[in-house]
Amino acid sequence: AQALIENALGFALAAQNNYSAAIKHYRAALKAKADYPVALNNLAYALEKQLKLEEARETYERVIALDSTNKTARKRLKLLERKVGNNKGA
């Protein structure tokens with residue numbers, strides 16, 4: 001239950017664009033339940049918004065390792081790799 005509560009708090013903060021606070025709650029959710037794909041996806045997205053792109057990429061890869069069919073993680077990872085690729089060329 002703790003993981004669900006922390007994830008919900010993080011989600012509410014992210015909805016207000018308070019990504020740094022959201023990240024703290026997502027990390028707390030993952031401390032309570034490490035193999036929680038929803039919280040991992042949310043954490044990765046919040047990290048993206050904070051431009052912590054490498055950590056976001058690693059987090060999406062953790063989701064895929066847990067659940068190879070996770071569409072959200074696969075889609076975001078593809079977009080992120082495109083974004084990182086474009087930044088390297090700039």
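Tutor: Start with a term. A pocket is an open set of grid points where a 1.4 Å probe fits, with protein on both sides within 12 Å along at least five of seven lines. Keep in mind that this is a predicted model.

Student: What volume does the largest pocket have?
Tutor: Rolling a probe the size of a water molecule over the atoms shows where empty space is left. For the largest pocket, the volume comes to about 180 Å³.

Student: Which helix gives the largest share of the lining of the largest pocket?
Tutor: The lining includes F11, A14, Y26, N41, N42, Y45, A46 and R76. At least two residues each come from α1, α3 and α5 (71-89). The largest share is four residues, and its source is α3.

Student: How many residues of that lining are nonpolar, polar and charged?
Tutor: Tyr and Ala count as nonpolar, Arg as charged. Y45, A46 and R76 are among the lining residues. The lining divides into seven nonpolar, three polar and one charged.

Student: Is A46 buried or exposed?
Tutor: A46 sits in helix α3. Buried means under 20% relative accessible area. A46 has 1% relative accessibility, so the class is buried.

Student: Which residues does A46 contact, leaving aside neighbours within four places in sequence?
Tutor: Take Y26 as an example. Y26 and A46 are 20 residues apart in sequence, and their C-alpha atoms are 9.1 Å apart. Contact means heavy atoms within 4.5 Å. With neighbours within four places left aside, the contacts of A46 are Y19, I23 and Y26.

Student: And N42, is that buried or exposed?
Tutor: N42 also belongs to helix α3. Leaving aside neighbours within four places in sequence, N42 touches N7, F11 and Y26. Its relative accessibility is 16%, so N42 counts as buried.

Student: What covers the buried residues of α2?
Tutor: The buried residues of α2 are Y19, A21, A22, I23, Y26, A29 and L30. Their cover includes α1 (2-15) and α3 (37-49).

Student: What phi does N17 take?
Tutor: N17 is in the loop between α1 and α2. N17 is exposed, with a relative accessible area of 58%. N17 is not a glycine, yet its phi is positive, about 65°.

Student: What phi does L51 take?
Tutor: L51 is in the loop between α3 and α4 (53-66). L51 is exposed, with a relative accessible area of 67%. L51 is not a glycine either, and its positive phi is about 60°.

Conventions. Residues are numbered from 1 along each chain as its sequence is written. This is a predicted model: local features need pLDDT of at least 70, side-chain atom pairs count only at pLDDT 80 or more; totals for chains, interfaces and linings use all residues. Side-chain values use heavy atoms; hydrogens and water are left out. Buried means under 20% relative accessible area, exposed over 50%, partly exposed in between (1.4 Å probe, protein chains only). On a 1 Å grid over the protein atoms alone, a cavity is a set of points where a 1.4 Å probe fits but cannot get out, and a pocket is an open set with protein on both sides within 12 Å along at least five of seven lines; lining residues have an atom within 4 Å of a point. Grid points are joined across faces, edges and corners, and a volume is the space filled by probe spheres set on the points.
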